[in-house]
Amino acid sequence: MSDQSLPITSVAAGNRLVICEHCDSVHRLEPLVLGERAHCLRCGALLYRASRLDIQGLLALAIAAAVLFGIANVGPILQLKLSGLHSESTLLGSVMAMRGGFSEVMGLVVAMTLFVVPLLQIVLLLWVLSFAQAGHRAPGFAKAMVTLHYLRPWSMIEVFVLGALVAMIKLIGLVHVVIGAGLFGMVGLMVVLLIIAKRDLHPLWDAVGERDS
C-alpha cells in the first residue's frame with residue numbers, strides 16, 4: 001500500500017536523530033528538498049522523504065476523510081431495481097445482514113477492515129493533527145503515531161471498491177443498477193486515505209517533539 005517506515009526522531013546534544021526501524025541504526029536528520037528521500041546507510045531502507053503537504057494540509061485531508069467516511073456509511077452502496085421491486089443497503093446494513101451462520105466471520109472481517117480501522121485512522125489523525133496545528137503535542141502522541149503505523153496495512157477500502165465495481169458490472173445485464181452515495185463516498189475516502197498514506201508523517205515528530213512533554 002505505502003512505505004511502512006515509521007522514523008522516530010529525537011533530540012540529543014542539539015542534534016535531531018532518526019532511527020531505522022529495520023536495523024536500529026541511528027542517523028542525523030538532514031533537511032530534504034521536495035522529491036528527495038533519505039535511506040538507511042546500513043540496510044538501504046527508507047527513513048523519511050520530503051512532502052508537499054504540511055500539517056495544515058494533512059489536517060484538511062483528515063477532515064475531508066471524516067466527511068467522506070460519514071457519507072460512505074450513511075448513504076446506500078448500490079440500489080437495485082427489478083420489475084418494480086427496489087432494494088438498497090448501506091455498508092453497515094450489509095454487515096448486520098451477515099450476522100449468524102457461516103457469514104458472521106466474514107461480516108466481522110468486513111466491519112473491521114472497512115469501518116473500525118478507517119474510523120480509528122481518521123480519529124487518530126484528527127487528534128494528533130489538530131493539536132499539532134495549534135502548536136502542541138497531543139496527549140498520547142507517541143502511541144497514536146505507532147497505532148497509525150500499524151493500522152495502515154489493515155485498511156481494505158480499495159479492495160471493497162474494486163469488488164463493488166465488479167459486482168455492479170455483473171449485475172448491469174440482470175437488473176437496473178444505480179450507484180448510491182455510499183459508494184461515491186467510499187471511492188472518495190479511498191483516494192484521500194491513499195494520499196495520506198503516501199505522505200511521510202515524520203515531520204509531526206519534529207513539529208511537536210520539542211514543545212510539550
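Which residues of H1 are buried?

Author: The buried residues of H1 are Ile55, Gly57, Leu58, Leu59, Leu61, Ala62, Ala65, Leu68, Phe69, Ala72 and Asn73. Here "buried" denotes a relative accessible area under 20%, "exposed" one over 50% and "partly exposed" anything in between, computed with a 1.4 Å probe and with protein chains only. The structure is a predicted model, in which local features need pLDDT of at least 70 and side-chain atom pairs count only at pLDDT 80 or more, while totals for chains, interfaces and linings use all residues. Residues are numbered from 1 along each chain as its sequence is written, and side-chain values use heavy atoms, with hydrogens and water left out.

Helix H1 covers residues 55-74. Helices (H or I, at least four residues) and strands (E, at least two) are DSSP runs numbered from the N terminus. The expected span of a helix is 1.5 Å times one less than its number of residues.

One of the buried residues, asparagine 73, lies in H1 and has a relative accessible area of 10%, so it counts as buried. Setting aside residues up to four places away in sequence, asparagine 73 touches Thr90, Leu91, Leu92 and Phe115, where contact means heavy atoms within 4.5 Å.

H1 packs on H6 at an angle of about 155 degrees, with the two axes 7 Å apart. H1 is therefore roughly antiparallel to H6. Angles under 35 degrees count as roughly parallel, over 145 as roughly antiparallel, 65 to 115 as roughly perpendicular, and the rest as oblique. The axes are lines fitted to C-alpha atoms, for helices over the stretch in contact, and angles run from 0 to 180 degrees between N-to-C directions. The crossing of H1 and H6 is left-handed, that is, the near helix is turned anticlockwise from the far one by less than a right angle. On the H1 side the contact involves Leu61, Ala62, Ala65, Leu68, Phe69, Ile71 and Ala72. Their partners in H6 include Gly185, Met186, Leu189, Val192, Leu193 and Ile196.

H6 (residues 181-198) also meets H3 (residues 103-133), with axes that come within 12 Å and cross at roughly 55 degrees. The two helices are therefore oblique to each other. Pro118, Gln121, Ile122 and Leu125 of H3 make this contact with Leu189, Leu193 and Ile196 of H6.

Isoleucine 157, in helix H5 (residues 157-171), is buried at 1% relative accessibility. Beyond its neighbours within four places in sequence, isoleucine 157 is in contact with Leu114, Pro118, Met186, Leu189, Met190 and Leu193. Its C-alpha atom is 9.6 Å from that of valine 110, which lies 47 residues away along the chain.

The H4 residues in the contact are Phe141, Ala144, Thr147, Leu148 and Leu151. Among them, phenylalanine 141 is buried, with a relative accessible area of 2%.

For the chain as a whole, there are seven helices and eight strands, and buried residues make up 39% of the 213 residues.
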